[in-house]
Amino acid sequence: LAHKPVVRLWDIHNDATGELYNFLLYSYATRMRYWLRQEVKRRVAEFNLKQPCAVMHVRQNDIALHDNWRRFYYPLKAYIEKGKDALDAMGIHTILLMTDSAEVLDETKAHREYQWRWMEKYRFRRDRPIKFENQFPSGSPKEETIALLTLYHLASECRLFIGGVSGFGTLAYRYQCLLHTKNIWDCPPVRVLDQHKAYNGTHANPDPRHNASSEHYKKHVVPAAAH
């Protein structure tokens, strides 16, 4: 930051060194107890994620909840196209899929050129009642916590991130930046699909299923002519 005439707090936060210290502080504040570390380690080993691999975070269901600012649904194909240059260049055929949508798992059947891996857990379907206020769909906060931590540690084994913009995806990417090396901040390539679009009722929607979820919450939907 020597080139900056005035160094502000957010400059330090966004600098690579700042990101490293932020994550180290986060890791210390949320450090796992011994039994939890051992359980996460066991599950990661049992998952046996093949190398090299990429992380793909496809967020869909709850992004339709915002009134004035929302992220549209994109099909799995859009994420693959966004990251295909890096997937090909790095020779990656194994993808760790992180998603809250069971429909996205169905879409993997059309892309058998990749080996898709995901953790088995409860996921939402838009043809069923959606209850986002239920933060523990399995009914067990303990199990949800272990599964989430296992997913983050699995992500740290991969050297490419493909996804949208979210706090969950950002944290997974930070795990990738540090935990794979254990001692240096080395972030892998990233491909981000921009889901943030001002919602004015006229923007072309890449996935009509967005409207079905919007109707569920009595939101205005994208006109059919916009598809």
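User: How are the bonded cysteines of the protein chain paired in sequence order?

Analyst: Numbered in sequence order, the bonded cysteines pair 1-2, 3-4. A disulfide here is a pair of cysteine sulfur atoms within 2.5 Å. By this rule the count is two disulfides.

User: Before we go on, what kind of model is this?

Analyst: This is a predicted model, where local features need pLDDT of at least 70 and side-chain atom pairs count only at pLDDT 80 or more, while totals for chains, interfaces and linings use all residues. Residues are numbered from 1 along each chain as its sequence is written, and side-chain values use heavy atoms, with hydrogens and water left out.

User: OK. Which cysteine pairs with cysteine 53?

Analyst: Cysteine 158 does, with the two sulfur atoms 2.1 Å apart. The pair links distant parts of the chain, 105 residues apart. Cysteine 53 is in strand β1 (residues 53–58), and cysteine 158 is in the loop between α6 (141–155) and β5 (161–163). Helices (H or I, at least four residues) and strands (E, at least two) are DSSP runs, numbered from the N terminus.

User: Is the disulfide of cysteine 53 and cysteine 158 left-handed or right-handed?

Analyst: Left-handed, because the torsion about its S-S bond is about -105 degrees.

User: Tell me about α7. How many residues does it have?

Analyst: Helix α7 (residues 167–178) has 12 residues. From first C-alpha to last it reaches 17 Å, close to the 16 Å expected at 1.5 Å a residue. That expected span is 1.5 Å times one less than the number of residues. Its buried residues include Leu171, Tyr173 and Cys177.

User: Switching topic. How many salt bridges does the structure hold?

Analyst: Seven. A salt bridge is a side-chain nitrogen of Lys or Arg within 4 Å of a carboxyl oxygen of Asp or Glu.

User: Which residues does arginine 42 meet?

Analyst: Among them are glutamate 39, at 2.5 Å from N to O, and glutamate 46, with the closest N and O atoms 2.7 Å apart. Arginine 42 and glutamate 39 sit three residues apart in helix α3 (residues 34–47), about one helical turn. Arginine 42 and glutamate 46 are four apart, again about one turn.

User: Why does that spacing matter for direction?

Analyst: An α-helix has 3.6 residues a turn, so residues three or four places apart point the same way.

User: What does arginine 191 pair with?

Analyst: Aspartate 85, with the closest N and O atoms 3.2 Å apart. Arginine 191 lies in strand β6 and aspartate 85 in helix α4 (residues 76–89), so the bridge ties together parts 106 residues apart.

User: Which residues do shared partners join into one network?

Analyst: Glu39, Arg42, Arg43, Glu46 and Glu143.

Note on methods. Buried means under 20% relative accessible area, exposed over 50%, partly exposed in between (1.4 Å probe, protein chains only).
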